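Reader: I would like to learn how to read salt bridges in a structure. Please take me through some cases.

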Amino acid sequence: MLIQFAAAEAAAPAAGNSNPYGLFAALHQGGALAWSVFLILVFMSVFSFYIMFTKLFEQQKIINQGKRVRATFWTHPSLKDASGKLEKNTAYKQLVDDGLRAQDEHHLLTDPVDQHDWTMAQLSNTQSMIRSKLQSGLPFLATVGATAPFIGLFGTVIGIYRALIKIGAAGQASIDTVAGPVGEALIMTALGLAVAVPAVLAYNWLQARNKAIAEHLTGFAQDVHGYMASGGSVKPVVVGRAGVKPAVAATSRPVGTTTAGQTGGVQTKPGAGV
């Protein structure tokens, strides 16, 4: 109905249109097929930008929470206290709550399953659900990037075909005969590329950010699992609150002695004088 309504409006001459070769003039000449291709591309573009901004906002929220978690989460005395300080309905809180729930429900299992494996499996399931939610909408961007140029190319083919028909009907290839259909064809090609390129760029960028978020969530889940498996004895180093761990101290040697094999070193024997 929308396409028929738009085509009916395009059938009426455009009043006050000073440019006979503009976008709407080309659509008016193209008829229902041109309007159909145009509306499909507009829908794909609008929905693509909607997905871009919503996914970007969702990712940035998780990234900001990850920064706060790395800075303050492990300073709390217990996981329950730390989880209570996190925002509700967020990825990091969901990981902690599911880990604590798995630990509490382990004794309810009828088959003997190691608590280590049970907790890790629950944390892995939570990570999979979070990754699946982050990936939602991205297949549409990939589809738009792959199909929009061909939809625009379809409009191009129709425009060239109409130009050839006008040339055959007129008996000569004058500029005023073919300018409209050829302009319509070029406009459809440009619209298809204009829709596809942002979708492809956004898809690759959002996928890279999703990968970085998944890596941080995996590391956090391993830290939570290590903390629970050790009874709170194992904690990761808090960023900005602890320095680099010193390496294992080497065996002390008397000052002024050297070992064999070193540059300039002289092998000495116990009790030998200088």
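Author: Start with spacing along a helix. An α-helix has 3.6 residues a turn, so residues three or four places apart point the same way. In this predicted model, Arg101 and Asp98 are three residues apart in helix α4, so about one helical turn separates them. Their side chains meet in a salt bridge, 2.5 Å from N to O.

Reader: Is Asp98 buried or exposed?

Author: Asp98 is buried, because its relative accessible area is 14% and the cut-off for buried is under 20%. Arg101, at 41%, counts as partly exposed.

Reader: What should helix α4 span, at 1.5 Å a residue?

Author: The 15 residues of α4, 91-105, should span 21 Å, and the end C-alpha atoms are 21 Å apart, which agrees. Buried residues in α4 include Leu95, Val96 and Leu100.

Reader: Which residue meets Glu58 in a salt bridge?

Author: Side chains of opposite charge can pair when their charged atoms come close. Here the partner of Glu58 is Lys55, at 3.1 Å from N to O. Both lie in helix α2, residues 23-72, three residues apart, about one turn of the helix. Lys55 is buried at 5% relative accessible area, whereas Glu58 is partly exposed at 22%.

Reader: Where do Arg68 and Glu87 lie?

Author: The closest N and O atoms of Arg68 and Glu87 are 2.8 Å apart, in a salt bridge. Arg68 lies in helix α2 and Glu87 in the loop between α3 and α4, so the pair ties together parts 19 residues apart in sequence. Arg68 is partly exposed at 41%, and Glu87 is partly exposed at 38%.

Reader: How many salt bridges does the count come to?

Author: The count comes to four.

Note on methods
Residues are numbered from 1 along each chain as its sequence is written. This is a predicted model: local features need pLDDT of at least 70, side-chain atom pairs count only at pLDDT 80 or more; totals for chains, interfaces and linings use all residues. Side-chain values use heavy atoms; hydrogens and water are left out. Helices (H or I, at least four residues) and strands (E, at least two) are DSSP runs, numbered from the N terminus. The expected span of a helix is 1.5 Å times one less than its number of residues. Buried means under 20% relative accessible area, exposed over 50%, partly exposed in between (1.4 Å probe, protein chains only).
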